[in-house]
Structure formats: structure tokens, C-alpha cells
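Biologist: Please take me through this chain and set each value against the rule behind it.

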Amino acid sequence: QVQLVESGGGLVQAGGSLRLSCAASGRTYAMGWFRQFPGKEREFVAAISRGGINTSYADSVKGRFTISRDNAKSTVNLQMNSLKPEDTAVYYCAAAVTTQPPVSAGGYSYWGQGTQVTVSS
């Protein structure tokens with residue numbers, strides 16, 4: 001069983017930055033970040049392979065967000081720069097039991113409870 005706990009969400013002005021962290025207990029493989037807007041399905045944001053070599057990003061965040069991991073500390077981070085009001089959402093950390101990172105929510109077996117990110121204009 002894997003437990004995931006996100007932290008680092010909050011309120012920031014447009015153009016600002018936030019760093020989300022996900023602490024994992026138990027063995028994890030590929031990890032990802034998703035976000036969910038009110039009334040919408042969760043959408044893919046970024047993912048990273050088990051070894052941290054391969055990463056994937058949604059087009060909407062490329063060049064602004066960076067995913068990284070520290071396997072020694074069992075953490076995955078999402079550095080979010082140049083934030084926009086449309087980035088406002090609940091962000092979820094997810095863990096897969098594959099080594100390569102899926103880009104769909106169905107590819108992940110474990111989920112955190114989410115952290116709210118609000119970007120004001």
C-alpha cells in the first residue's frame with residue numbers, strides 16, 4: 001500500500017510561483033501530478049519515471065512547470081512558475097506501479113487527497 005501526502009498549495013498572484021511536494025510512503029514507481037477544476041475530470045499535468053530520467057508535461061504547463069523527484073527522501077515535487085489564474089485547481093499527486101509514467105489518470109493506482117492552488121489575477 002502506498003500513501004501520498006501533498007503540501008505546498010496556497011494563494012499566489014498571477015506571475016508568481018509555488019512548489020508542491022508529495023511525500024510517499026511505501027515503494028513507488030512512476031509518479032505524476034494531476035489537477036481538477038470544479039465540475040471537470042482530473043487532467044494530467046506532469047509525470048516522472050521511477051529513475052527520474054523521463055518526464056512528461058501537459059502542453060498547457062510546458063516551460064512553466066517542472067517535475068522532479070528525490071527517491072532517497074521518497075518525495076516528488078512540482079515547481080510551478082509564471083502561474084496564471086487558469087492554473088487554479090486542486091492538485092493531486094499520484095503513484096503508478098509502472099516504471100514509465102502514464103499520462104492518463106487510469107494508469108495510476110494511488111492518489112493523494114489533493115492540495116488547493118489558487119492564482120489571483
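**Contacts, strands and a disulfide**

Modeller: In the protein chain, 58% of the contacts with a separation of 6 or more are between residues 24 or more positions apart. Contact means heavy atoms within 4.5 Å. This is a predicted model, in which local features need pLDDT of at least 70, side-chain atom pairs count only at pLDDT 80 or more, and totals for chains, interfaces and linings use all residues. Residues are numbered from 1 along each chain as its sequence is written, and side-chain values use heavy atoms, with hydrogens and water left out.

Biologist: What makes up the secondary structure of the protein chain?

Modeller: The protein chain has zero helices and eleven strands. Helices (H or I, at least four residues) and strands (E, at least two) are DSSP runs, numbered from the N terminus.

Biologist: Why is the chain called as compact as a globular protein of its length?

Modeller: The globule rule is 2.2 Å times the number of residues to the power 0.38, and the radius of gyration is taken over C-alpha atoms. For 121 residues the rule gives 14 Å, and the radius of gyration of the protein chain is 13 Å, close to that value, so the chain is as compact as a globular protein of that length. Along its principal axes, the C-alpha trace spans about 40 × 25 × 25 Å.

Biologist: Why are Cys22 and Cys93 called a disulfide?

Modeller: A disulfide is a pair of cysteine sulfur atoms within 2.5 Å. The sulfur atoms of Cys22 and Cys93 are 2.1 Å apart, and the two form a disulfide. This pair links distant parts of the chain, with Cys22 in strand 3 and Cys93 in strand 9 (residues 89-95), 71 residues apart. The structure holds one disulfide. The angle about its S-S bond is -80 degrees, and the link is left-handed.

Biologist: Are Cys22 and Cys93 buried or exposed?

Modeller: Both Cys22 and Cys93 are buried. Buried means under 20% relative accessible area, exposed over 50%, partly exposed in between (1.4 Å probe, protein chains only). Of the 121 residues in the protein chain, 41% are buried.

Biologist: How do you know that strand 1 and strand 3 pair?

Modeller: Two strands pair if DSSP finds at least two bridges between them. Strand 1 and strand 3 (residues 18-25) have five bridges and pair in the antiparallel sense. Leu4 has Ala24 in strand 3 as its bridge partner.

Biologist: Which sheet holds these strands?

Modeller: An open sheet of four strands, in the order 1-3-8-7, with antiparallel pairing. Strand 1 (3-7) and strand 7 (65-70) are the edge strands, as each pairs on one side only.
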